[in-house]
Amino acid sequence: MSVTAPAGFAAAGVVAGLKSTGKPDVAVVVNRGPLNVGAAVFTSNRAKANPILWSQQAIQDGAVEAIVLNSGGANCFTGAFGFQTTHQTAEKAAELLGVSPGDVLVCSTGLIGTGDEVFRAKVLDGTERAIAALSDDGGDGAARAIMTTDTVPKMAVVTAEGWTIGAMAKGAGMLAPGLATMLVVITTDAVLSAAEADSHLRAATRVSFDRLDSDGCMSTNDQVTLMVSGASGLAPDAEAFRAALIQVCTSLARQLQADAEGASHDITIRVVGAASEDDAVEVGRSVARNNLFKAAIFGNDPNWGRVLAAIGTTQAAFDPYAVDVSFNGVRLCSAGAPDRPREEVDLTPRATDVLIDLKEGEEAATIFTNDLTHDYVHENSAYSS
């Protein structure tokens, strides 16, 4: 049931006519309390869509009663008219739910530049109809309504010691940090303060969504929202809750990775032996964004030379002639020189593991990425909502 698994939440997804496919395209998730706590993190792209600008203001008081999401149009670079559309969406939802517009967040996803009068009318109509259709088991419908090029809905649920976390996500392209091109709604019936929710969410996204770097392209519409109902009446152990939230976010990140546009390999880049975690992340990301490496994986070629060439562009502390590189458990490079024959590595399975040992310290980090395929180029050359 994704976002409706925790107590205190209702959701729905409806067809508003934004998508040319006729599939669901407007979703609403409502927090019925007793708490209305919320936290959110947003894209770090300087070019931000109107819903992001609105939600960044609305979340400042740490209260969220509802969130309205639409696919089929990003409402980005649509000027003052587009911001007014977002404002009107929040006002419409607030009026129907009997809450303050400032406690309603808004998310949009789709083609940048989409957001004219027709778009506005359909979003407002979809918001009204989604609220009318709210149900305690509407999480699946909401998850389907936010899909764009996704081939499957992404959902996750974790239950522990009387409280539950549920979540849904969308995303299949422009997956890069800050956050990846995605919308994520996470719900919980645990009892948390706004400060606790914000702290836990930032800690979880740092090691999950921010480590997903599928194609190096950063979106204008990324938003991850945590809504807290407190309906379980239980205040969780902080460490236990954070671990569960990381589990949920990592599950969704891996689901996003597995559905990345055109990908034929899911690549896990593990960097160990780093002097700092930041170094490990920088090294892993340099490989994840290297098109030569990604093309080699598409061709089932364990080209470790491209790994070394990529990490050599970073400022991380290491000696390139001390590094080990392994593919799927086979060490092909030892101390910057050939080790085992490439023929020992089978890259035909979709899951691909790359291990980079910098031999410089005790820190580590993992980056998730995909290969670069013909299908990726085709899909992104033909994409339209």
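Glu277 is partly exposed, with 26% relative accessible area (buried means under 20%, exposed over 50% and partly exposed in between, using a 1.4 Å probe and protein chains only). Its side chain joins that of Arg206 in a salt bridge, 3.1 Å from N to O (a salt bridge being a side-chain nitrogen of Lys or Arg within 4 Å of a carboxyl oxygen of Asp or Glu). This is a predicted model, where local features need pLDDT of at least 70 and side-chain atom pairs count only at pLDDT 80 or more, while totals for chains, interfaces and linings use all residues. Residues are numbered from 1 along each chain as its sequence is written, and side-chain values use heavy atoms, with hydrogens and water left out.

**Salt bridges on the helices**

- Glu277 sits in helix α7 (residues 277-288) and Arg206 in helix α5, so this pair ties together parts 71 residues apart in sequence.
- Helices here are DSSP runs (H or I, at least four residues), as are strands (E, at least two), numbered from the N terminus.
- Arg206 is partly exposed, at 40% relative accessibility.
- Arg202 pairs up with Asp198 in a salt bridge, with the closest N and O atoms 3.0 Å apart.
- Those two are four residues apart in helix α5 (residues 194-206), so about one helical turn separates them.
- Arg202 is partly exposed at 46%, and Asp198 is partly exposed at 28%.

**A linked network**

- Asp324 and Arg331 form a salt bridge, their closest N and O atoms being 3.6 Å apart.
- Asp324 is buried at 7% relative accessible area, whereas Arg331 is partly exposed at 38%.
- Salt bridges link Asp324, Arg331, Asp339 and Lys359 into a network.

**The whole structure**

- A search of the whole structure turns up 18 salt bridges.
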